[in-house]
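Subject: Handover of a structure

Hello,

Here is the structure I promised to pass on. Please look it over before you read my notes below.

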Amino acid sequence: METPGRVTPEAPFERSQPPVIEGFSPSVYSTSEGFKEKFIRKTRENPLVPIGCLGTAAALTYGLYCFHRGQSQRSQLMMRTRIAAQGFTIVAILVGLAASTLKSRP
C-alpha cells in the first residue's frame with residue numbers, strides 16, 4: 001500500500017517538444033497565415049464586428065469634428081452614437097463567440 005501524498009514518477013518532460021494535452025491541438029491551421037489572410041477569415045466568420053468598429057470610428061471622428069467646430073449638440077449626439085456603436089460591437093463579438101462555441105461542439 002502506497003503512502004498518501006506520494007506521487008508515482010512519470011515520463012521525463014522533454015523541453016524540445018510542446019506538452020501534449022489530451023483533446024487540444026495547438027495548431028488548428030496547418031499553414032501559418034499572415035495578417036491579411038487572418039483578417040479576411042475573421043471578417044467572414046463574424047462580419048458584424050468590423051462594421052461595428054467602423055461605425056464606432058466614424059461616430060468618434062465626426063463627433064470630434066463637430067466639437068472642434070463648436071457644434072456641442074451634434075457633438076453630444078455623436079458621442080452617444082459612439083457608445084451605441086461600441087455596445088453593438090461588443091454584442092456582435094459575444095454572439096460570434098457563442099456561435100463558434102456551439103458550432104465546434106460535436
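What pattern does the chain follow, read along the sequence? The chain follows α-α-α. There are three helices and zero strands in the chain. Helices (H or I, at least four residues) and strands (E, at least two) are DSSP runs, numbered from the N terminus.

Some ground rules. This is a predicted model: local features need pLDDT of at least 70, side-chain atom pairs count only at pLDDT 80 or more, and totals for chains, interfaces and linings use all residues. Residues are numbered from 1 along each chain as its sequence is written, and side-chain values use heavy atoms, with hydrogens and water left out.

Confidence

pLDDT is the predictor's confidence in each residue, from 0 to 100. The chain has a mean pLDDT of 84. Of its residues, 79% reach 70 or more. Among the elements, helix α2 (residues 48-69) has the highest mean, 95. Helix α1 (residues 35-45) has the lowest, 89. Where pLDDT is low, the predicted coordinates should not be read in detail.

Transmembrane annotation

An unreviewed UniProt entry lists residues 48-67 and 83-102 under "transmembrane region". UniProt positions are given in the numbering used here, feature names are shortened, and annotations may be inferred rather than shown by experiment. In the model, residues 48-67 are 100% helix and 0% strand. The end C-alpha atoms of that span lie 28 Å apart. Residues 83-102 are also 100% helix and 0% strand. Here the end C-alpha atoms are 29 Å apart.

Burial and contacts

The chain has 106 residues, and 12% of them count as buried. Buried means under 20% relative accessible area, exposed over 50%, and partly exposed in between (1.4 Å probe, protein chains only). Contact means heavy atoms within 4.5 Å. Of the contacts with a separation of 6 or more, 45% are between residues 24 or more positions apart.

- Thr-56 is in helix α2. Thr-56 counts as buried because its relative accessibility is 14%. Thr-56 and Ile-83 are 27 residues apart in sequence, yet 7.6 Å apart in space, C-alpha to C-alpha.
- Arg-74 is in helix α3. Its relative accessibility is 42%, so Arg-74 counts as partly exposed. Gly-63 is 11 residues from Arg-74 in sequence and 7.1 Å from it in space, C-alpha to C-alpha.
- Phe-39 is found in helix α1. Phe-39 is partly exposed because its relative accessible area is 46%. Phe-39 and Pro-50 are 11 residues apart in sequence and 9.8 Å apart in space, C-alpha to C-alpha.
- Asn-46 sits in the loop between α1 and α2. Its relative accessibility is 16%, so Asn-46 counts as buried.

The largest pocket

The largest pocket has a volume of about 410 Å³. On a 1 Å grid over the protein atoms alone, a pocket is an open set of points where a 1.4 Å probe fits, with protein on both sides within 12 Å along at least five of seven lines; lining residues have an atom within 4 Å of a point. Grid points are joined across faces, edges and corners, and the volume is the space filled by probe spheres set on the points.

Which residues lie nearest the centre of this pocket? They are Lys-42, Glu-45, Asn-46, Gly-96 and Leu-97, out of 14 lining residues. α1, α2 and α3 (72-104) each supply at least two residues of the lining. The largest share, six residues, comes from α3. By class, the lining has seven nonpolar, four polar and three charged residues. Ala, Val, Leu, Ile, Met, Phe, Trp, Tyr, Cys and Pro count as nonpolar, Asp, Glu, Lys and Arg as charged, and the others, Gly among them, as polar.

Best wishes
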